[in-house]
Structures are given as C-alpha cells and as structure tokens.
Amino acid sequence: MRRTSVHCSSPAQRVQRMEAETSIMKIVVAGGTGFIGREVVKALLPRGEVLVLSRHPERVKQGRGVLWNPSVEGPWQKEVRDASVIINLAGENIGEGRWTDERKRQLTDSRIGATRALVSALGESTIEGRLFISASAIGYYGPRGDESLDETAPAGNDFLARLTADWEAEARKAEATARVVLLRFGIVLAQDGGALGKMILPFKMFAGGPMGSGKQWMSWVHRDDVVRMIEWTIDRPECRGVYNVTAPQPVTNKDFASELGRALSRPALIPTPGFALRIALGEMADALLLSGQKVLPSRAVAEGFKLRYERLSDALANILKG
C-alpha cells in the first residue's frame with residue numbers, strides 16, 4: 001500500500017516530499033561567529049542542525065558550539081565527517097594590523113591551516129553528495145586598474161593574490177570527496193562591522209572622503225546577498241567551482257564616498273592622501289585601500305542568481321535605515 005500511494009501521488013506532492021526530506025541536514029560552519037559567519041548560521045538554523053567550530057564554543061550564541069583547534073585532533077573531526085554541508089569561513093581579519101612578517105604568517109596559517117584540517121577530515125567521510133563551501137576573496141585578482149574581471153581572470157602577483165590562490169588550491173583538494181564551491185567575496189557591507197563599519201565614523205564626524213586618487217574600484221556586496229548566495233549554492237547541486245560574490249555594479253572609491261556621504265547626510269570632501277595611508281599601514285594600504293579590482297558576479301548571474309541589492313545607493317539605504 002505504501003508503494004502504491006507513492007506512485008499515485010502527484011508530481012507536486014513528490015516535489016514537496018523531496019524538499020522535506022532534503023531540507024533537514026547537518027551543517028558545520030568554521031568561522032561561524034565572525035562578521036559573515038554569524039549571519040550565515042542564523043539563516044541556516046531552520047534547515048536542521050548547525051554546528052559552529054570555535055576555539056571558544058561557550059561563546060557561540062546560535063547553533064551548537066564545538067571546540068576546534070585546526071592543529072589538534074578532536075571530536076570536531078567526527079562532526080565534520082558526519083556533516084552534509086561544511087562551510088569554511090575561518091581566517092584572521094585581513095584588515096586588522098599592519099602586515100609585518102609575523103602578521104602575514106598569521107593570515108596565511110589561519111586560512112591554509114584551517115582549510116587543510118577541514119579537507120583532511122572530509123577525506124575520511126563516507127557521506128555521498130556532501131558540499132564543501134570555502135571562502136575566498138577578490139584579492140585573488142590583485143590590483144587590475146579598470147579591467148573588468150570575471151571568474152576566468154588569472155590571479156595577481158602580490159601577497160594577497162598569492163595567499164588567496166594558495167587558499168583556494170588547498171580547498172580544491174576536497175574535490176575528490178565533495179562538491180566544492182569557492183566564493184570570492186568582495187567588500188562585504190553591513191553596519192556592524194567590516195569595511196563599512198570603519199568608514200562610517202569619519203563621515204559622521206564630517207571628515208569623510210575618498211582615499212588616495214579615488215579612482216580605484218570597489219567591488220562591494222551587501223552581506224544579505226552573501227548569505228543568500230551561500231544558500232543558493234547549497235540548494236543547487238550543479239553549483240561547483242569559483243563564484244565571484246559581488247554586486248554587478250562596482251563603483252570607484254570616489255563614488256563610494258559620495259554615496260556614503262549622501263546616505264549619512266554628510267559631505268564627502270576630505271580626501272585621505274595616499275602617502276599618509278602608506279605611512280600608517282605600509283603594504284596593506286596599497287593592497288586594500290589604494291588599489292582595487294572591478295569584479296563582476298558573472299557566473300552566478302548567468303546561472304540565475306538574483307542579487308537583492310545591485311545598486312550601492314539601495315544597499316546603503318537598507319543598511320543605514322533607522
């Protein structure tokens with residue numbers, strides 16, 4: 001009787017049944033307490049069990065915290081092996097602290113080491129069809145002037161480009177046992193952190209403006225669209241490989257400053273000289289602030305993903321409302 005009822009159900013009922021069966025899953029998120037990770041965890045909670053790998057699991061506020069040290073074996077490995085979706089957002093903040101040799105080592109180890117540990121644990125899993133989503137960054141392309149860049153553009157040659165290329169290469173080692181998606185994040189915008197969180201204060205103090213020449217491109221994306229794209233790759237088994245996670249309308253630094261000033265009802269007239277940024281920040285100033293990339297989300301758009309915030313003015317209005 002059960003078999004007959006299945007065959008007699010309508011196509012719509014079969015789709016609903018399949019959705020119900022596949023909607024409950026075990027998801028592991030490394031870096032789930034960070035600027036992007038905490039919003040990802042919140043969005044994924046309705047889908048099933050969400051575990052957050054953390055050095056301080058007692059601080060995890062959403063999902064279930066699991067003690068994690070990438071360099072030490074532990075119960076976290078079994079959690080990774082048993083998960084159907086593993087999301088790797090781990091890594092030291094690239095914009096915190098001058099890039100000394102020691103800081104570069106920390107930035108590298110926090111990405112390469114964490115990714116290597118997750119891939120190793122994944123290799124011991126017997127779950128079929130599992131998904132490994134690993135963070136990357138548009139710094140992969142290096143400084144490229146006015147060139148429009150899609151996912152086929154080659155890597156750059158500066159420190160950040162080399163680091164990102166090595167990071168992606170480590171994640172690709174999971175392709176033997178999982179569907180791998182690499183997400184190259186642009187400048188992620190939200191009010192409670194990231195680049196925008198640092199930029200707002202000078203504008204509120206009437207000291208905002210462009211940095212350097214202001215001609216460098218800023219490939220931005222609303223954090224909500226980052227979360228939505230992660231969910232989109234989970235729901236589409238055909239998604240694999242590299243995706244640029246940026247809005248389709250990048251802007252110059254000068255235009256970004258103008259839009260932010262307009263959104264805050266503040267002027268955007270006081271530029272920050274490039275030499276001052278180089279003195280204060282060293283190599284990081286050129287890599288993150290005085291150069292840029294004009295990056296387009298070509299693959300995602302071609303495959304049907306619709307960003308909610310395509311224009312910077314709309315994104316800022318949403319982020320700064322109230």
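Here are some friendly notes on the overall fold and on one serine, Ser110.

1. A word on the model: this is a predicted model, in which local features need pLDDT of at least 70 and side-chain atom pairs count only at pLDDT 80 or more, while totals for chains, interfaces and linings use all residues. Residues are numbered from 1 along each chain as its sequence is written, and side-chain values use heavy atoms, with hydrogens and water left out.

2. Overall make-up: the protein chain holds 13 helices and 13 strands (DSSP runs numbered from the N terminus; helices are H or I with at least four residues, strands E with at least two). The C-alpha trace spans about 75 × 45 × 40 Å along its principal axes.

3. Take the contacts (heavy atoms within 4.5 Å) between residues at least 6 apart in sequence: 75% of them join residues at least 24 apart.

4. Ser110: you will find this residue in helix 5, residues 101-122. Is Ser110 buried or exposed? Ser110 counts as buried because its relative accessibility is 17%.

5. Neighbours of Ser110: the side chain of Ser110 reaches the backbone oxygen of Leu107 at 3.1 Å. Leaving aside residues up to four places away in sequence, Ser110 touches Ala90, Gly91 and Glu92.

Definitions and conventions
Buried < 20%, exposed > 50% of the residue type's maximum accessible area, 1.4 Å probe, protein only. Polar contact = N/O pair within 3.5 Å; in protein donor to acceptor, adjacent residues only side chain to side chain.
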